[in-house]
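I'm opening my notebook on a structure that is new to me.

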Amino acid sequence: MYAPPSFRVNDAAELSAMIARLRFATLVVNGPEGPVAAHLPMIAEVEHPDVLLGHVARANPIVPLLREAPAALACFVGPYAYVSPAWYASKREHGKVVPTWNYVAVQARGTIEPVGTAEGLRAIVAALTDEMETGRPEPWAVDDAPADFVAGMLKAIFGFRLRVTAVVGSAKLSQNRPEADRARVLDGLAASPEGTDRAVALLMMDAQQAARGPVRRR
């Protein structure tokens, strides 16, 4: 992934946090006729943060490729927002501006490890479920469903672990623009009716606060 120094995320803890926040990935592997992709939730294994867990339907065309334990790429993207050059203060100064997009993205590269046992599949499903249900008023757990029903459902999925060997992250949030331009982009996105635009505005606010550092109390 192209990640210029202005936007590149190098901190391992921040990269892990981005994956945990985004949680939904496009998994890509190479097939005989070219790249094959699947879209699915993926989370880090608690005991091994360098391992991502996931599962797909056994009927998914990507499964025969995953069985071969191939190299794979997991792409986590979002939120993202269009940035209009009309917002820039620079437009009024010299007019030399163009449209762009602000976004956050992480790519995790590694090797697939198929999980073939019922116990292993159940552990993956339970881990994903517990992660997604955390914080809900009435969290659902795998144990809430009848055991025979769960056993039948597990037979319909293919589970795997992605052992990560490299991670690249990018947070493109107008860091390369003058302060006045950043302020107007932030205002424009924050006022947008689109939820993803407002989400990017919040990320921009967080990035600006982090760049300023902690507030010192006297």
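**Strand β8 and its partners**

I started with a pairing: strand β5 (residues 51-57) and β8 run antiparallel, with seven bridges joining them. I'm reading all this from a predicted model, so I keep that in mind.

Next I checked strand β7 (residues 100-115), which pairs with β8 over 13 bridges, in the antiparallel sense. Here I found Ala 105 opposite Ser 170 of β8.

Then I turned to strand β1 (residues 8-9). I noted two bridges between β1 and β8, again in an antiparallel pairing. Val 9 sits opposite Gly 169 in β8.

**Buried or exposed?**

How many of the 16 residues of strand β8 are buried? I get twelve for β8, which spans residues 157-172, so the strand is largely enclosed by the rest of the structure.

**A closer look at Ser 170**

I picked Ser 170, which lies in strand β8. Is Ser 170 buried or exposed? Its relative accessibility is 0%, and buried means under 20%, so I put Ser 170 down as buried.

What does Ser 170 touch, leaving out residues up to four places away in sequence? I listed Met 1, Ala 3, Phe 7, Val 9, Met 18, Tyr 103, Val 104 and Ala 105.

Conventions
Residues numbered from 1 in each chain as written. Predicted model: local features only at pLDDT ≥ 70, side-chain atom pairs only at ≥ 80, totals over all residues. Heavy atoms only, no water. Buried < 20%, exposed > 50% of the residue type's maximum accessible area, 1.4 Å probe, protein only. Helix = DSSP H or I, 4+ residues; strand = E, 2+ residues; numbered from the N terminus. Pairing = 2+ DSSP bridges. Contact = heavy atoms within 4.5 Å.
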